[in-house]
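Open the model in your viewer and keep the selection panel at hand.

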Amino acid sequence: DTRHVLTGSADNSCRLWDCETGKQLALVKTSSAVRTCGFDFGGNIIMFSTDKQMGYQCFVSFFDLRDPSQIENNEPYMKIPCSDSKITSAVWGPLGEFIIAGHESGELNQFSAKSGEQVATIKEHTKQINDIQTSRDMTMFITASKDNTAKLFDCTSLEHLKTFRTERPVNSAALSPIFDHVVLGGGQEAMDVTTTSTRIGKFEARFFHLAFEEEFGRVKGHFGPINSVAFHPDGKSYSSGGEDGYVRIHYFDPQYFEFEFEA
């Protein structure tokens, strides 16, 4: 219901906040950096993954916010170890039955939120998965990868549906809630930015058609790689956050909506 926000940080903590007041409601301390986190469908259960670093293994932890003792004792009701490859992005599947996790190796897993067992696994990407975002109805999700592609999958079966190709690493990808459109953001590794001019850097947000996999538009503005993209829930605007220190909010022209309905 958007009253609370969950954050995971490299300061080895996951925190729950009240959106209206900014007050911290809960703090969970971890042994290593928190890479990704999220609420389940009902907003009662949170999950987060920690990095494989400083001798600690990568874990996915589950806490039920209705049981205050779990937070107080720092004891999740379930903890899934991931020894092979660290999780770089994770989201909840439909109805909170499972989570979908993307790995450094390019692998995708489904973990049951009840038993913790690995339900399914596929490997369509050749490099690290940087971001995973679901469609509005939770039937599909899109992945952004260092292998210069974003890919569309079925949430339940993990079937690979579409591929969107670029010439640079993709850091983030989002699905429009109202049209068959995809926005991709990326560019290159942050450490390579200083040696590249903005013209060559490919720092535009790129729009693709969901069904035809064709690029139909680019939006310039950032002078560094785009790290994160998101559509507004009403589909009339999108925002992008970049390595340049800016968040840019773009509102679509009226022609954008007319063009789509005519097409």
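In this tour Ala, Val, Leu, Ile, Met, Phe, Trp, Tyr, Cys and Pro count as nonpolar, Asp, Glu, Lys and Arg as charged, and the others, Gly among them, as polar. The model is predicted: local features need pLDDT of at least 70, side-chain atom pairs count only at pLDDT 80 or more, and totals for chains, interfaces and linings use all residues. Numbering starts from 1 along each chain as its sequence is written, and side-chain values use heavy atoms, with hydrogens and water left out.

**Stop 1: the second largest cavity**

Select Leu6, Cys14, Arg15, Leu16, Ala26, Leu27, Val28, Ile46, Leu65 and Ile71, which line the second largest cavity. A cavity, on a 1 Å grid over the protein atoms alone, is a set of points where a 1.4 Å probe fits but cannot get out; lining residues have an atom within 4 Å of a point. This one holds about 30 Å³. Volume here is the space filled by probe spheres set on the points, with grid points joined across faces, edges and corners. The lining has 9 nonpolar residues, no polar ones and 1 charged. Strands S2 (13-18) and S3 (24-29) each supply at least two of the lining residues. Strands (E, at least two residues) and helices (H or I, at least four) are DSSP runs, numbered from the N terminus.

**Stop 2: the largest cavity**

Now select Thr166, Pro169, Gly186, Gly187 and Arg206. Of the 11 lining residues, these lie nearest the centre of the largest cavity. Its volume is about 60 Å³.

**Stop 3: the largest pocket**

A pocket is an open set of points with protein on both sides within 12 Å along at least five of seven lines. The largest one has about 1600 Å³ of space. Select Cys37, Gly38, Phe39, Val91 and Thr134, the closest to its centre of 46 lining residues. Next show strands S1 (4-9), S4 (34-39), S8 (87-92), S12 (129-134), S16 (170-175) and S20 (226-231), each giving two or more residues to the lining. S4 gives the largest share, 6 residues. The lining divides into 19 nonpolar, 21 polar and 6 charged residues.

**Stop 4**

Select 1-27: the span is 0% helix and 59% strand, with end C-alpha atoms 20 Å apart. Finish on 219-249, at 0% helix and 52% strand, where the end C-alpha atoms are 11 Å apart.
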